[in-house]
Amino acid sequence: MTKPPLTLYLAAPRGFCAGVDRAIKIVEMALQKWGAPVYVRHEIVHNKFVVDGLRAKGAVFVEELDECPDDRPVIFSAHGVPKSVPAAAAAREMIYVDATCPLVSKVHIEAQRHAEAGLQMIMIGHKGHPETVGTMGQLPDGEVLLVETVDDVAGVQVRDPEKLAFVTQTTLSVDDTRDIVAALQDRFPAIVGPHKEDICYATTNRQEAVKTVAPKSDALLVVGAPNSSNSRRLVEVASKAGCTYAQLVQRATDIDWRALEGISSIAITAGASAPEVLVNEVIDAFRDRYDVTVETVETATENVEFKVPRILRVPA
C-alpha cells in the first residue's frame with residue numbers, strides 16, 4: 001500500500017538551548033567528580049526523558065533541600081532558586097553547585113540592582129513556576145509583585161508609582177509580554193525596564209521559527225514537557241500564527257493520529273529542554289505512516305555556549 005505524501009517542516013532553531021545544555025552537563029560532571037548519588041533540587045530541566053536518564057546515572061531528584069544529606073553534593077536547577085536555598089546549604093556546610101541558567105542569573109542581578117536603587121519590582125511571570133519563585137526569592141517578601149496578564153496590571157498595588165522597575169520570566173511569549181509591558185508603562189510612566197529584554201534568545205528564536213512554519217502547515221507538534229513553560233508558549237504561538245491544530249507531545253507515543261487524518265503538511269519543533277533524540281523519534285513515527293519530505297526552515301543560527309561552574313573544572 002502506498003503511503004500518503006507529507007511535507008514535514010522542521011523548525012530551526014529548536015530543542016536544547018545553551019542553559020539546558022550546561023545544566024545537564026553540570027549533573028553529569030558532578031557524578032563523574034563525586035560519584036553517585038548526587039542530589040538535584042527540583043528537575044534539573046523540565047523534561048522527563050532527560051531527568052530519567054540522569055536518574056539512571058545516579059542523580060537523586062528532590063523537591064527541597066531538607067531531603068538531602070549533608071555529606072553529598074546538591075545541584076540547584078537551571079530555573080534558579082530563592083537566595084534562602086544556597087544560604088541554607090552553606091549553613092549546613094554542603095557542597096552545592098548552582099546550575100541556574102546565566103540568563104536567569106542576569107535577571108536576578110537586575111532585580112537586586114533595582115532594589116538597591118530603592119525601586120520596588122514588578123515581575124511578569126507565571127505564578128508557581130520555579131523560575132518565578134527563584135527570581136521573586138532574590139528580594140524580601142513584598143518587594144517583588146507578580147503580574148501574569150494585562151488585566152493584572154490594572155489591579156496591582158504599588159508602594160510608590162514613581163519608584164518601580166520590572167523584570168520578566170525568560171521563557172514567556174514575546175508577544176504577550178510586549179502587551180503586558182505596554183500596560184505597565186501606560187499605568188506607571190516612570191517604570192524602569194531592563195537594559196536588554198529578559199526573554200532569552202532561545203525562547204525568542206524558537207517562537208520566531210514557529211511563526212514562520214505555522215501558517216504553511218496543516219498541523220504543528222511541539223516536542224516538550226507539559227510543565228515546560230517555553231514549550232507550552234510554542235503551542236500558543238503556533239495557534240496565534242494561524243495553525244489550526246497545534247499540540248504538545250512528550251514523545252511519539254503521544255501523537256493523536258486520528259486528529260491528523262487528511263493532513264498534507266506538518267511542522268515539528270521542540271522546546272528548549274527537549275532532546276533531539278525525541279524529535280527524531282517523532283519524525284520516524286511519521287515516516288512509518290507517510291511518504292515524508294523533510295524541509296528544514298531555519299530562521300536563526302545559535303552559537304551560544306555557557307561555561308560550567310569552576311568547582312567542576314578543578315580536580316576533586
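Asp-175 has a relative accessibility of 27% and so counts as partly exposed; buried means under 20% relative accessible area, exposed over 50%, and partly exposed in between, with a 1.4 Å probe and protein chains only. The model is a predicted one, in which local features need pLDDT of at least 70 and side-chain atom pairs count only at pLDDT 80 or more, while totals for chains, interfaces and linings use all residues. Residues are numbered from 1 along each chain as its sequence is written, and side-chain values use heavy atoms, with hydrogens and water left out.

Side chains of opposite charge can pair when their charged atoms come close. A salt bridge here is a side-chain nitrogen of Lys or Arg within 4 Å of a carboxyl oxygen of Asp or Glu, and the structure holds 16 of them. One joins Asp-175 to Arg-178, with an N to O distance of 2.9 Å. Both residues belong to helix α7 (residues 174-187) and are 3 residues apart, about one turn of the helix. Helices (H or I, at least four residues) and strands (E, at least two) are DSSP runs numbered from the N terminus.

A second salt bridge pairs Lys-240 with Asp-176 at 2.7 Å, N to O. Because Lys-240 lies in helix α9 (residues 229-240) and Asp-176 in helix α7, this pair ties together parts 64 residues apart in sequence. Lys-240 is exposed, at 62% relative accessibility, whereas Asp-176 is partly exposed at 27%.

Arg-206 is buried, with a relative accessible area of 1%; Glu-302 is partly exposed at 28%. Elsewhere, salt bridges that share partners join Asp-175, Arg-178, Glu-208 and Lys-211 into one network.

The loop between α8 and β9 (219-223) contains Ser-217. With 6% relative accessibility, Ser-217 counts as buried. Apart from neighbours within four places in sequence, Ser-217 is in contact (heavy atoms within 4.5 Å) with Tyr-9, Cys-243, Ser-265, Ile-266 and Ala-267.

Next come the voids. On a 1 Å grid over the protein atoms alone, a cavity is a set of points where a 1.4 Å probe fits but cannot get out, a pocket is an open set with protein on both sides within 12 Å along at least five of seven lines, and lining residues have an atom within 4 Å of a point. Grid points are joined across faces, edges and corners, and a volume is the space filled by probe spheres set on the points.

A search of the whole structure finds 1 cavity of 30 Å³ or more, and the largest cavity has a volume of about 270 Å³. Of its 23 lining residues, Cys-17, Val-20, His-79, Thr-171 and Asn-230 are the closest to the centre. Helix α8 gives the largest share of this lining, 3 residues.

The largest pocket has a volume of about 170 Å³. Its lining includes Phe-166, Thr-168, Arg-178 and Glu-197. Two or more lining residues come from each of β8 (164-168) and α7, and α7 gives the most, with 5 residues.
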